[in-house]
Amino acid sequence: MKNVILVVDDDKTNLSLAQRILGPQYRIAAGSSGEAALKYLETHRPDLILLDINMPNMDGFEVMEKLRSDVHTETIPVIFLTADSLAETEIKCFQMGAMDFVTKPFVPDILLSRVSKTIELDQYRHNLENMVNIQAQKITESSLRLGRIQDSVIIGMANLIESRDGSTGKHVKNTQTYVRMIATELLAKGYYTQELTPSYIEDLCKAAPLHDVGKIKIPDAILQKPGKLTAEEFETMKLHTTHSRKIIQTIIGDIEDEHYVRLVEDIALYHHERWDGTGYPTGLTEDNIPLSARIMAVADVFDALYEERCYKPPVRPIERIMQIMSEGRGTQFDPVIIDVFVGMLPQLKEMLEK
Ligand SMILES: [Fe+2]
């Protein structure tokens, strides 16, 4: 199929000359004014435009400006036609985005050669653009796939560790859900809006399942003990936070996303800290405890109370859990987070009753 060239010139002699020179190889559409050319372009997309500069009413530069500001025409290659060969005119043509510049009267061989080179170049550009788009799409797809694999490996590993203390593995998924709900609700209520960006919330949810990985180093006798731990056993249990951080540094410490690694480490190390500074392992207070860990603490305790554990039955009804947790407002938990969380009772009930 022949390539289509739109020739725009107010001089009929030039139009028929262009038709004579280019006609054997190309399909020619002729426009005798800038307005006529723009009208034609509303419904057609030629492969090249030969555009005369000096025309009455709307000159070639004006037409060019309109072409470049319309998404439908901005990439059509343009060769300007002009009777003068001044350097300034030539410079302006290229500044306006022309692919080339041909002086009148036409020399047939020069016109043909410029036209065929421009069309060829544009086709290369077009093919290259397609190739880049296809490759970019492939890269996006494989990084998404890689991300999904990474997420399920993390969840699987966390579940495996969690299953050692006899829980059903629901804790990992549940706490991740609660963390997302709390962060979203805090943002909706206008709290911690600086920190809670969409990417922070995503990282937070991905990090949550890793909060207890350090339990892998806690002996079964302590992890699965059906009753209360002795003071000494509790000291060993407390070490799961520092173990978690060390393990995280080993597994993901060298990935490039420093922000994400930091978030996972914070959650793991600080999720048993308390607002009043009586928590472990470091005794940080109030907002010295990273926000991620303060959110995790609320999600973690809620799930521990709601689910059955080897050392305790589940607490019911949910209102009773909220009452117990409210007692930790400003001592165990960040007051803002606990207030927002208690306010989430209806949506939590709805979700859990499903
Ligand atoms: Fe923990």
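Guide: The pLDDT is the predictor's confidence in each residue, on a scale from 0 to 100. What you see is a predicted model, and its chain averages a pLDDT of 92, with 99% of the residues scoring at least 70.

Visitor: Where in the chain is confidence lowest, and where is it highest?

Guide: The lowest confidence belongs to helix H4, residues 87-95, with a mean of 88, whereas the highest belongs to helix H14, residues 335-342, at 98.

Visitor: How is the chain divided into domains?

Guide: Domain 1 covers 4-134 and domain 2 covers 166-353, and the centres of the two domains, taken over C-alpha atoms, are separated by 65 Å.

Visitor: What makes H2 and H3 roughly parallel to each other?

Guide: The axes of helix H2 (residues 34-41) and helix H3 (residues 60-68) cross at roughly 20° and come within 10 Å. Angles under 35 degrees count as roughly parallel, and H2 and H3 are therefore described in that way. The crossing in which H2 passes H3 is right-handed.

Visitor: Which residues of H2 and H3 meet?

Guide: From H2 come Gly 34, Ala 37 and Leu 38, and from H3 come Glu 62, Val 63 and Lys 66. Sorted by class, this contact has three nonpolar, one polar and two charged residues, where Gly counts as polar.

Visitor: Why is H10 called roughly antiparallel to H11?

Guide: The axes of helix H10 (residues 240-252) and H11 cross at roughly 160° and come within 8 Å. Angles over 145 degrees count as roughly antiparallel, so the term applies to H10 and H11. Here too the handedness can be stated, for H10 passes H11 in a right-handed crossing.

Visitor: Which residues make the contact of H10 with H11?

Guide: On the H10 side they are Thr 241, Thr 242, Ser 244, Arg 245, Ile 248, Gln 249 and Ile 252, and on the H11 side they are Val 261, Val 264, Glu 265, Ala 268 and Leu 269. By class, the residues of this contact divide into six nonpolar, four polar and two charged.

Visitor: What is the omega of the cis peptide bond from Lys 104 to Pro 105?

Guide: For that cis bond, omega is near -5°, and Pro 105 lies in the loop between strand E5 (100-103) and helix H5 (108-162). A cis peptide bond also joins Tyr 280 and Pro 281, with omega about 5°, and Pro 281 is placed in the loop between helix H11 (258-270) and helix H12 (291-306).

Visitor: What is the phi of Asn 57, and where is this residue placed?

Guide: Asn 57 is not a glycine, yet its phi is positive, at about 60°. Its place is in the loop between strand E3 (48-52) and H3.

Definitions and conventions. Residues are numbered from 1 along each chain as its sequence is written. This is a predicted model: local features need pLDDT of at least 70, side-chain atom pairs count only at pLDDT 80 or more; totals for chains, interfaces and linings use all residues. Domain bounds come from an automatic or database domain assignment. Axes are lines fitted to C-alpha atoms, for helices over the stretch in contact, and angles run from 0 to 180 degrees between N-to-C directions. Helices (H or I, at least four residues) and strands (E, at least two) are DSSP runs, numbered from the N terminus. Angles under 35 degrees count as roughly parallel, over 145 as roughly antiparallel, 65 to 115 as roughly perpendicular and the rest as oblique. A crossing is left-handed if the near helix is turned anticlockwise from the far one by less than a right angle, and right-handed if clockwise. Two residues are in contact if their C-beta atoms, placed from the backbone, lie within 7 Å.
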